[in-house]
Amino acid sequence: MSSIRVLVGTRKGAFVLTSDGTRKSWKVDGPHFAGWEIYHLKASPVNPDRMYASQSSGWFGQVLQRSDDGGKTWEAAGNQFNYASETGTHKWYDGSDHPWEFKRVWHLEPSLSDPEKVYAGVEDAALFESPDGGKTWTELTGLRTHKTAPEWAPGAGGMCAHTIVIDPTNHDRIFVAISSAGTFRSDDAGKTWRPINNGLKSNYIPDPDAYVGHCVHRIAMHPSRPDTLFMQKHWDVMRTDDGGENWREISGNLPTDFGFVVDINANEPDTVYVLPITSDSHHFVPDGKLRVFRSRTGGDEWEALTKGLPQENCYVNVLRDAMSVDTLDPSGVYFGTSGGQVYASPDGGDTWSAIVRDLPPVCSVEVQTLK
Amino acid sequence: MIQVVLPRNLQILAGVGRVVEVDVEGPATQRSILDALEASHPALVGTLRDAVTKKRRPMIRFFACEEDLSDESPDAPLPQEVGSGKEPLLIIGAIAGG
């Protein structure tokens with residue numbers, strides 16, 4: 001029988017939640033790395049017991065952890081994230097030029113074919129690659145040295161490369177999203193990059209149709225349809241069907257189109273989930289109600305999913321890496337909140353229950369479906 | 001042996017107790033002690049000082065013999081009591097965030 005493992009990164013440690021395929025009863029293991037911020041942890045799709053975790057602290061900096069036994073034990077891997085060429089400057093909040101500085105790893109994306117290979121998206125925005133299970137890291141400089149990079153500026157959370165999506169049909173094609181530069185695509189395994197932001201419109205920046213400068217919060221791809229991506233932008237939910245060449249808005253009837261997460265049902269490529277947040281100045285859900293919105297039509301038409309979720313006096317946020325889906329049928333959907341709850345739906349979003357309610361604020365949720 | 005007291009989070013990271021003993025050749029300085037500490041416990045590389053520039057991380061402080069030595073030169077000799085092992089080098093995570 002299949003089993004499920006949910007990897008949860010929080011502000012004060014990592015937790016591993018496990019269940020059998022019924023997804024009714026859960027075991028909670030943790031905290032691992034107690035007291036440290038765990039921005040993200042993710043397992044290799046090739047070797048599910050190989051996991052990587054980004055552990056960081058304002059005091060002690062960046063540590064990269066690795067597990068080879070499914071998260072039971074961990075060892076520190078390499079934490080040398082050195083920009084590979086002269087760093088130059090990007091724009092700072094006040095418009096001045098600011099030197100590129102490494103701060104932390106936001107996202108880890110293990111290779112789809114090699115358990116030793118893993119990508120890291122970091123702040124200040126850059127992409128690193130490790131060929132040896134996280135021991136050593138080399139920057140793929142083409143992203144940070146893109147000709148538009150001196151004009152990139154940080155969002156409120158920093159100038160972070162927070163999303164990495166690998167095309168499962170062509171591993172050389174990689175999508176990256178950066179706050180607040182936008183979305184970029186490489187067709188040569190990360191050597192060269194170009195912005196793919198055509199169709200994005202951001203009314204809060206000087207040029208709403210800018211080539212770069214959009215605050216993209218998250219992008220998601222269904223593995224069966226690599227030219228179609230869904231995006232939660234700062235405001236607006238977007239979709240492309242040509243690998244990012246053109247985007248169109250699919251916010252439709254959402255109560256607000258601000259948010260962070262977007263994900264796709266594992267069995268239905270046109271079933272999309274978002275979790276609307278009131279606004280960029282109110283980082284909590286609207287009207288005191290925690291609602292996931294589901295579209296079964298690839299966008300535009302959305303239905304609120306509320307059964308089992310609090311519908312009064314709820315004022316939590318859900319961050320960009322904090323939603324994930326499993327690949328069982330029906331597909332399970334999981335998300336974690338700033339209030340420390342991790343919710344699970346074993347039926348594609350129809351009903352929800354909390355696996356745990358009182359963890360530290362959740363930064364990331366990743367799900368493994370184990371055979 | 002020189003005694004180094006680590007903050008709790010780094011004890012867990014390095015898999016050690018509160019006090020770590022290191023041996024250095026020549027005079028005991030911040031640099032020589034941290035070099036020895038990182039050589040014996042590689043998980044600590046980058047957590048106390050930048051791995052490349054060797055500059056102390058901003059919220060790490062060094063104390064010994066009731067003195068704050070954080071802003072001393074990393075090559076300045078530490079008090080004799082530290083070198084002899086009579087007093088420890090205290091590595092402190094700055095009290096912040098409250």
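Me: Which residue is the bridge partner of A:M221 in strand 19 of chain A?
Reply: A:L229. A strand here is a DSSP run of E with at least two residues, and a helix is a run of H or I with at least four, numbered from the N terminus. This is a predicted model: local features need pLDDT of at least 70, side-chain atom pairs count only at pLDDT 80 or more, and totals for chains, interfaces and linings use all residues. Residues are numbered from 1 along each chain as its sequence is written, while chains are lettered from A and ligands numbered from 1 in the order in which they are written.

Me: How many bridges pair strand 18 with strand 19 of chain A?
Reply: Five, in the antiparallel sense. Two strands pair if DSSP finds at least two bridges between them.

Me: Why is strand 18 of chain A largely enclosed?
Reply: Six of its six residues, 216-221, are buried, so the rest of the structure largely encloses it. Buried means 20 or more other C-beta atoms within 10 Å of a residue's own; exposed means 12 or fewer, and partly exposed is in between, with C-beta atoms placed from the backbone.

Me: And A:F230, buried or exposed?
Reply: Buried, because A:F230 has 26 C-beta neighbours inside 10 Å. A:F230 lies in strand 19 of chain A.

Me: What does A:F230 touch?
Reply: Leaving out residues up to four places away in sequence, its contacts include A:I219, A:V262 and A:I264. Contact means C-beta atoms, placed from the backbone, within 7 Å.

Me: New topic. What is the strand order in the open sheet of four strands?
Reply: The order is 3-2-1-30 in chain A, with antiparallel pairing. Strand 3 (27-32) and strand 30 (362-370) stand at the edges with a single partner each, so one side of each has no neighbour in the sheet.

Me: How many bridges join strand 1 to strand 2 of chain A?
Reply: Eight. In that sheet, A:R5 stands opposite A:T18 of strand 2.

Me: How many residues are in the largest nonpolar core?
Reply: It has 126 residues, and A:V6, A:I178 and A:Y334 are among those with the most contacts inside it. Such a core is a set of buried Ala, Val, Leu, Ile, Met, Phe, Trp, Tyr and Cys residues joined through C-beta atoms within 7 Å.

Me: How many residues of chain B are in contact with chain A?
Reply: 13 residues of chain B contact 13 residues of chain A. Helix 1 of chain B (residues 8-14) gives the largest share of chain B's side, three residues.

Note on methods: Contact = placed C-beta atoms within 7 Å.
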